Amino acid sequence: MTQTAELTHMAVTIHAFFLCSVLLLIGVSWPAGEAARPPFACDSLNPATKGLPFCQTALPVPERVRDLIGRLALEEKVKLLGNTAAAVPRLGIRGYEWWSEALHGVSNVGPGTQFGGEFPAATSFPQVISTAASFNESLWEQIGRVVSDEARAMYNGGVAGLTYWSPNVNIFRDPRWGRGQETPGEDPILAAKYAARYVRGLQGDAGGSDRLKVAACCKHYTAYDLDNWSGVDRFHFNALVSKQDMKDTFDVPFRACVMEGKVASVMCSYNQVNGIPTCADPKLLRHTIRGSWGLNGYIVSDCDSVGVFYDSQHYTATPEEAAADAIKAGLDLDCGPFLGIHTQEAVRRGILSEGDVDGALVNTFTIQMRLGMFDGELSAQPYGNLGPGDVCTAAHQDLALEAARQGIVLLKNRGTALPLSPRRHPTVAVIGPNSDVTTTMIGNYAGVACGYTTPLQGIRRYTKTIHQQGCKDVACTTDELFDGAIDAARQADATVLVMGLDQSIEAEFKDRAGLLLPGRQQELVSKVAMASKGPTILVLMSGGPIDVLFAKNDERIPAMVWAGYPGQAGGLAIADILFGTHNPGGKLPMTWYPQDYLSKLPMTTMDMRSDPSKGYPGRTYRFYKGPVVYPFGHGMSYSNFVHTIADAPTVVAVPLAGRRRGANTTTLAGKAIRVTHAKCGRLSIGVHLDVRNTGSKDGSHAVLVFSTPPAGHWAPHKQLIAFEKVHVAAGAKERIQLRIHVCKYLSVVDRSGIRRIPMGEHSLHIGDIKHAISLQAATLGVIKS
């Protein structure tokens, strides 16, 4: 998706067209001052259509959709293929804007949502990378439920749609990526679980399993993780991806989004994959998303993607061929006007059939039916009673604060530097370009927040402060404000430096050049730490990792915290962590690399695995073995948590499918069995784990379980296979039970893209303990590949 401030000239023009169009539609459809949106269609104000089959809620949705499409002329159909879908007045169908966003709260990116009047704001949760750091699945779903409550309320009020192009579940493959902040991080299992749970929260259960509260969309499919780096932009990039990496890494979160989250939509990306634009590739869209994974919904393009692969990538000779290729590949909806302009001529020329157009409309109308847009009056529908009083509620804002607390990561804490104490630290110097910011805390794809608590305001709730900015912004190009910051540190009993990045450094269409703190920030930190009378605490705001080895190794900086982009209540959450009223429990969802990691790592190289012969280091903790600043999963607490395995198997038999019953079995070792040859079903390993809090503070702890498989270079060094958040009181013990599905989580993908279960010893890593589990195949003979 494209944010207004970062669009190319072409996209700005398109966006302006969209915005004007939707405002015109709103002006026509909803008289000024009207409190609620009239039903989309089939209401009592349209007696001529209310009795038609597509308005009969007792009929099956496919029958209703079939009836509706059968009443449309081709020229009407093609005007429904773009995000700003035209009205069909003779059937009571109003214009509809498909493009709304809800990445971490209802957003005003996209013309489908307008803030103002009775809806001046919406709850703005932490950016996704911060929420992922909680490793708390129930929190992700809870946030989704709140966001969809507010989205429904705004829809009922006539200022928003019901189709939200969120979440972004791309893998945070390269630490420079400007949009890594929008993602759940670098691990495919973490991203997959986030995708499924957030989508479930958004889509809800609106009166039945097939009904939708709002329609979510997982984006951007696929291998999309470069915006603008070293002269290569996303509109021209051809991602060369192996079958192994596609199946093992890039497909994983999208597959979970569709098959486990039951998402209503998937968005294809701008880039090409192996020479074919993703929005024109039937193997990706029709065969994989809809075929293999069984999408029950629509596929939408990223904004103007069809135009991009015609105009910028020159993939087809004519615009009509581009429209035909996209629709025949499985694209149902175009974010942009391209399909609306060129599809009818493609049908006239015979390169696309009207039946192909109907197939696309079946998928979009089905989602609208499942959302209740053709069910008449809103008040009689699920969620029809939600209104302004259900947005920015105290409970919603409390959840935003709790989410921020859970996502903050304590990187370093030497001695008793943290938590601070109002008694021991009656005056705190608060310094840095991010020390008193508001919108920086909500990152990108955000809306209008209900209100803000900045870090300075949060710390002021605990103690007296001396505030100095130190740098006028995060670029920190001069030292003109250094003296005031140094003087403040000399006077105070403790110093908190709030440094890092913002959207001027990392953003959509803005990848980072390096990993160091921008400008002269490092110099400011070091000089302040040298002058500080008390302990110096470094707080970092960012979406991506930062090389802060200088601070990690500096004894004058005894504590360091990563706050990500913590949302509207971020400043209070930071203060609660610093002063110990909340025990930190977040863990990094991405590896923090040193700057020199980038020296042999072009962003354009998609390979995940290392290649020692070329000096290529590999990507993410799964395949990179070199030095790091902080590893994936790192995060400290004010307590100490001790793990003990109470019960876990040491040998597990993997039964193979398609064999005669009653025969004697033998055990094979050293083989990697195809997942499709195993009787996967309920083949799970139960691990009972005791977690004891030996500290003096209650705390929540994310238990991360990794596995090292018995396979060759093509397998990960280790991979996350399970995680669970558990709250343990000081001095107490809690037992958790983990179910690890063998075929899903102990399998690996070979060089041919085939998922296999390696037989032999798998080593489980949980904190400081290891446990070996031997997988043995029960079979009559070797299965040939």
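1. Let me start with what covers helix α19. The cover over its buried residues includes α14 (394–407) and α15 (455–460), along with the strands β14 (494–500), β15 (536–541) and β16 (559–562). The model is a predicted one, so please read every contact here as a feature of that prediction.

2. How many of the nine residues of α19 are buried? Nine of the nine, across residues 570–578, and so the helix is largely enclosed by the rest of the structure. The buried set includes Gly570 and Gly571 at one end and Ile577 and Leu578 at the other, with Asp576 also among them. Leu578 turns up again in a nonpolar core of 86 residues, together with Val437, Val539 and Met606, among others.

3. Glycine 580 follows α19 and has a positive phi, near 80°. Glycine 585 sits in the loop between α19 and α20. Its relative accessibility is 11%, and because buried means under 20%, glycine 585 counts as buried.

4. Which residues does glycine 585 contact, once neighbours within four places in sequence are set aside? They are Gln406, Ile408, Ser700, Ala702 and Lys725. For Ala702, the C-alpha to C-alpha distance is 6.9 Å, although glycine 585 and alanine 702 are 117 residues apart in sequence.

5. On confidence, the protein chain has a mean pLDDT of 92, and 92% of its residues reach 70 or more. I would be glad if your write-up mentioned both stretches.

6. The largest nonpolar core has 124 residues. Phe54, Trp165, Val263, Phe365, Phe374 and Leu720 are the ones with the most contacts inside it. Helix α6 (residues 137–156) gives the most to this core, with nine residues. The core of 86 residues, mentioned above for Leu578, lies apart from it.

7. Phenylalanine 374 is a handy residue from which to view the largest core. Not counting residues up to four places away in sequence, phenylalanine 374 touches Phe40, Ala41, Cys42, Phe54, Cys55, Arg64, Leu68, Ile93, Phe365, Gln368 and Met369. Two of these partners, Phe54 and Phe365, are listed with Phe374 among the residues with the most contacts inside the core.

8. The largest pocket has a volume of about 1100 Å³, and 43 residues line it. Which of them lie nearest its centre? Those are Met246, Lys247, Asp251, Arg255 and Arg755. Helix α8 (243–259) is one of the elements giving two or more residues to the lining, as are α7 (188–203), α9 (283–292), α20 (620–623), β23 (719–728) and α21 (742–745). The largest share, nine residues, comes from α8. By class, the lining has 19 nonpolar, 10 polar and 14 charged residues.

9. The second largest pocket has a volume of about 620 Å³. It is lined by 27 residues, and Lys587, His643, His701, Gly767 and Asp768 are the ones nearest its centre. At least two lining residues each come from β17 (641–647), β22 (699–708) and β27 (760–766), and β22 gives the most, with six. Its class make-up is 12 nonpolar, 12 polar and three charged residues.

10. Glutamate 321, in helix α11 (residues 319–329), is partly exposed, with a relative accessible area of 28%. Beyond four places in sequence, glutamate 321 touches Thr316 and Ile351.

11. Threonine 427 belongs to strand β12 (residues 427–431). Is threonine 427 buried or exposed? At 16% relative accessibility, threonine 427 counts as buried. Leaving out residues up to four places away in sequence, threonine 427 touches Thr463, Lys464, Ile466, Ala492, Asp493 and Ala494.

Technical notes
Residues numbered from 1 in each chain as written. Predicted model: local features only at pLDDT ≥ 70, side-chain atom pairs only at ≥ 80, totals over all residues. Heavy atoms only, no water. pLDDT = per-residue confidence, 0-100. Core = buried A, V, L, I, M, F, W, Y, C linked by side-chain atoms within 4.5 Å. Buried < 20%, exposed > 50% of the residue type's maximum accessible area, 1.4 Å probe, protein only. Helix = DSSP H or I, 4+ residues; strand = E, 2+ residues; numbered from the N terminus. Contact = heavy atoms within 4.5 Å. 1 Å grid on protein atoms, 1.4 Å probe; cavity = no way out; pocket = protein on both sides within 12 Å on 5 of 7 lines; lining within 4 Å. Points joined across faces, edges and corners; volume = space filled by probe spheres on them. Nonpolar A, V, L, I, M, F, W, Y, C, P; charged D, E, K, R; others polar.
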